[in-house]
Amino acid sequence: MSNIADYKGVWVFAEQREGELQKVSLELLGEGRKIADKLGVKLTALLLGNNVSNLVEELATHGADEVLVAEHELLTHYTTDGYTKVICDLANDRKPEILFIGATFVGRDLGPRVAARLTTGLTADCTSLDIDENGKFLLATRPAFGGNLMATIACQDHRPQMATIRPGVFTKSDKVENNAEVIKVDVKLTQEDVRTKVIEIVKEKKDIVDISEANFIVSGGRGVGSKENFKLLEELAEALGGTVGGSRAAIEKEWLDKNLQVGQTGKTVRPTIYIACGISGAIQHVAGMQDSDLIIAVNKDASAPIMKLADYAIVGDLTKVLPELTAQVKALKENA
């Protein structure tokens with residue numbers, strides 16, 4: 001067994017799909033840069049795929065000191081077996097101290113498999129990352145017990161220390177002038193190593209925006225009352241040039257598509273303005289929107305937790321408040 005002291009460096013899995021880097025990869029590079037600087041080590045981007053070398057420059061400008069490029073035709077499309085073997089081979093050879101993976105559908109599948117293969121621990125769905133005061137351990141914080149408390153977890157006895165982080169939790173760092181060292185690795189992978197074969201990729205067409213990218217979100221909860229009432233939220237969102245969102249309660253009632261769910265079991269958002277309508281403010285929902293620049297709450301219940309969190313709280317019937325807000329937004333735009 002290797003000595004823990006042999007492990008150095010912070011790695012970020014740079015997830016790409018069809019030659020396009022996923023936003024969470026750049027978010028993790030920004031946070032990984034902070035962690036690497038605290039430890040005084042290199043930040044490495046781990047790029048897997050086929051004909052993806054053109055992505056190296058973007059990884060470098062977002063903070064990577066070096067980029068490990070693993071290219072092979074069997075890595076063209078993501079497979080659990082293929083990606084796990086390549087990452088584990090590299091980790092066993094180069095011994096990173098920390099490995100971050102985005103909690104996308106790919107990362108949620110890949111992370112646990114890599115951790116099990118490397119016989120190390122994995123903290124999933126983290127919302128905060130830090131290093132302990134002695135500079136020895138990664139401190140990964142995530143919601144626990146249904147979001148009722150936050151647990152900070154350290155993997156003291158095994159390496160690499162691993163964590164998956166949901167998209168939107170961290171912000172992308174600004175681009176900087178940076179010449180990263182590019183290391184093209186020798187990929188040892190055969191068809192026998194990959195038990196599945198991608199025959200065809202079929203994309204479902206949906207007219208749904210990515211709410212994690214929206215600047216204005218008008219979100220509704222159980223208090224909206226009905227699917228029909230969500231039209232009021234849609235009208236306000238359209239006037240603002242934003243999109244609608246919803247709490248878990250609204251999604252479970254099938255008032256909105258699950259892709260529009262905000263919260264611990266949905267998406268984390270950071271809009272310029274977040275308008276919460278008929279949302280009580282349960283901690284699971286708050287975890288997904290508390291970093292919004294400005295929060296406006298509309299609720300009949302003045303004592304609802306969301307009203308204390310909000311920068312502006314409007315006590316009233318949303319069926320009367322929202323049409324008035326929409327009219328005023330439109331009037332401001334017309335007079336601009």
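The legends below describe close-up views of a predicted model.

In this predicted model, local features need pLDDT of at least 70 and side-chain atom pairs count only at pLDDT 80 or more, whereas totals for chains, interfaces and linings use all residues. Residues are numbered from 1 along each chain as its sequence is written, and side-chain values use heavy atoms, with hydrogens and water left out.

**View 1. Domain 1 and domain 2 of the chain.** The domain assignment, which is of automatic or database origin, gives domain 1 as residues 2–191 and domain 2 as residues 214–333. Taken over C-alpha atoms, the centres of the two domains are 34 Å apart. Domain 1 brings 10 residues to the contact and domain 2 brings nine, where contact means heavy atoms within 4.5 Å.

**View 2. The interface of domain 1 and domain 2.** The buried area (the accessible area, with a 1.4 Å probe, that two parts lose on being put together, summed over both) is about 760 Å², and carbon and sulfur atoms give 38% of it. Four residue pairs, both residues at pLDDT 80 or more, are in polar contact across this interface (a pair of N or O atoms within 3.5 Å, one able to donate a hydrogen and the other to accept it, with residues adjacent in sequence counting only if both atoms are side-chain atoms).

**View 3. The surroundings of Asn 299.** Asn 299 belongs to strand 16, residues 294–299 (a DSSP run of E, at least two residues, numbered from the N terminus). A polar atom of the Asn 299 side chain lies 3.2 Å from the backbone oxygen of Ile 279. Leaving aside residues up to four places away in sequence, Asn 299 touches residues including Gly 278, Ile 279, Met 307 and Val 315.

How values were computed: Helices (H or I, at least four residues) and strands (E, at least two) are DSSP runs, numbered from the N terminus.
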